Amino acid sequence: MAAEGDLDDFIDESIRRSAARGYHPTKFVEMRAKWGTQEAIKRVVVSGDLQSGLRRLHALGLLDWRLAGRVSRLIQSGV
């Protein structure tokens, strides 16, 4: 499915940009490796455990690259 690949590409780029600014979302990367992208997203959204990452993205000027924004856009597009 193209949208799934687009989501993976988006997240990979988000992680790359975050790392370039010194933030490494290690826990989320581990979750993706263990469960795959979609399941990792579900777990983050349901549990809210990784909300400190949002504060880091904000501080680094990367809010446009946050997962919630991408998920919201995917939902709005009917995916």
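Which helix holds Ser-18? Ser-18 sits in helix α1. The model described here is predicted. Its largest nonpolar core has nine residues, and a search of the whole structure finds five salt bridges.

**The nonpolar core**

- Nine residues build the largest nonpolar core: Leu-7, Phe-10, Ile-11, Ile-15, Phe-28, Met-31, Ala-40, Ile-41 and Val-44.
- Helix α1 supplies the largest share, four residues.
- In soluble globular proteins, nonpolar side chains tend to be buried together.

- Ile-15 is one of the core residues.
- Beyond its neighbours within four places in sequence, Ile-15 touches Pro-25, Phe-28, Val-29 and Arg-32.
- Ser-18 has a relative accessibility of 1%. The cut-off for buried is under 20%, so Ser-18 counts as buried.
- With neighbours within four places in sequence left aside, Ser-18 is in contact with Tyr-23, Pro-25, Leu-57, Leu-60 and Leu-62.

- Arg-32 and Asp-8 form a salt bridge, with their closest N and O atoms 3.3 Å apart.
- Arg-32 belongs to helix α2 and Asp-8 to helix α1, so this pair ties together parts that are 24 residues apart in sequence.
- Arg-32 is buried, at 16% relative accessible area.
- Asp-8 is partly exposed, at 21% relative accessibility.
- A network of salt bridges links Asp-8, Asp-12 and Arg-32.

**Salt bridges within a helix**

- Glu-13 and Arg-17 meet through their side chains in a salt bridge of 2.9 Å, N to O.
- Both Glu-13 and Arg-17 lie in helix α1, four residues apart, about one turn of the helix.
- Glu-13 is partly exposed at 22% relative accessibility, and Arg-17 is partly exposed at 33%.
- Glu-39 pairs with Arg-43 in a salt bridge, the closest N and O atoms being 3.1 Å apart.
- Helix α3 holds both Glu-39 and Arg-43, four residues apart, about one turn of the helix.
- Glu-39 is partly exposed, with a relative accessible area of 29%. Arg-43 is partly exposed too, at 35% relative accessibility.

Terms used. Residues numbered from 1 in each chain as written. Predicted model: local features only at pLDDT ≥ 70, side-chain atom pairs only at ≥ 80, totals over all residues. Heavy atoms only, no water. Core = buried A, V, L, I, M, F, W, Y, C linked by side-chain atoms within 4.5 Å. Buried < 20%, exposed > 50% of the residue type's maximum accessible area, 1.4 Å probe, protein only. Helix = DSSP H or I, 4+ residues; strand = E, 2+ residues; numbered from the N terminus. Contact = heavy atoms within 4.5 Å. Salt bridge = Lys/Arg side-chain N within 4 Å of Asp/Glu carboxyl O.
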